[in-house]
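User: Can you walk me through a model I have open? I'd like to start with the ligand and then move to other parts.

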Amino acid sequence: MARVFSGIQPSGELHIGNYLGAVKNWVQLQHQHETLICVVDLHAITQAYEPRDLAQRTHDMAVGLLAAGIDPAKTILFVQSHVPEHPELSWILTTVTPLGELERQTQYKDKAQRHESVPAGILSYPILQSADVLLYLATLVPVGEDQLQHLELMREIARRWNARYAEGFFPEPQPLLTKTKRVLGLDGKAKMSKSLGNTIGLFESPEAIWEKLRPAATDPARKTRKDPGTPEICNIFTLHQGFSPPDTVADVANKCRTAGWGCLDCKRVLADNIVKTLTPIRERAAELRREPKGVMDRLRDCASRARTLAQRTIADVRDKMGFLHA
Ligand code: SF4
């Protein structure tokens, strides 16, 4: 059975973009593989953030993941900072990572532009990502296209450490490309993101979902109800593909191309299907929130299972690198 590792930032409440782009896939993967899902709070501190909110955002993310179907009996769901071996391995890997490769990363270049003085954590972010995966000797990493460059660097780091200390010790993780088309925000322009205010949260009420969906961007060619559209370029159609059954998706495409209905009719059907999927998730989240101790117990138990695996790897790594035993 392959071991899968994936991480998510503690951004608080999940939105439907996170759900379709990652979480729905993880819920399926946990039935096929040994899965670790990590709320990556150590990554989150590389950006400006409010320390008073971090714990709550981390807890809320865990609630969202549990409510969406991540099952701690199948998945090790844990918080990154609860396993101190992550930064330990990250430092070790820093010593074999070429600086030029870090500087070439597109995400580094994008983020660095936004800083007058660039924190080193932004540069070394992919090393911590490599440590996250290699610590568990994971072989599969679910990623979107935009993460492929980091994964290639991860493989390079594994190769370099192996070549220096122990051939074949770290497996070279392979990408598990996420099939879902990228979900745009409701404005139809940028990626769905909480900071841009163009999302639907996973726990929103049916009324709030409809209020947000009603004015959402569609194919601009459909100026009037009589104008045919192209579903493939419409974000509402992408959302149908994530939330509606296949026969409805086919019907939507047909009615769009033939101007058989208006965009509001199309959105109404989508809203109903989103509500159908999200209602049980919202109810489970409400139950979990009523019992925060239960959530923390699950996170602690998972962190302890993760640490058992991590400590085994670190012990081998220390041994192979020649450190004096404590
Ligand atoms: S009918 Fe539906 S898929 Fe077609 S443009 Fe309107 S909202 Fe988009």
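Predicted model: local features only at pLDDT ≥ 70, side-chain atom pairs only at ≥ 80, totals over all residues.

User: Which residues surround the ligand?

Analyst: Thr-218, Asp-219, Arg-222, Cys-234, Ile-236, Phe-237, Cys-256, Trp-261, Cys-263 and Cys-266 (a heavy atom within 4 Å).

User: And which elements give two or more residues to that shell?

Analyst: Those are α10 (235-243) and α12 (263-289); helices are DSSP runs of H or I with at least four residues, strands are E runs of at least two, and both are numbered from the N terminus.

User: Switching topic: how many residues of β2 are buried?

Analyst: Five of the six in strand β2 (residues 34-39) are buried, so the rest of the structure largely encloses β2. Buried means under 20% relative accessible area (1.4 Å probe, protein chains only).

User: In which sense does β2 pair with β1, parallel or antiparallel?

Analyst: Parallel: β1 (residues 3-8) and β2 are joined over six bridges, where pairing takes at least two DSSP bridges between the strands.

User: What stands opposite Leu-36 there?

Analyst: Phe-5 is opposite Leu-36 of β2.

Technical notes: Residues numbered from 1 in each chain as written. Heavy atoms only, no water. Buried < 20%, exposed > 50% of the residue type's maximum accessible area, 1.4 Å probe, protein only.
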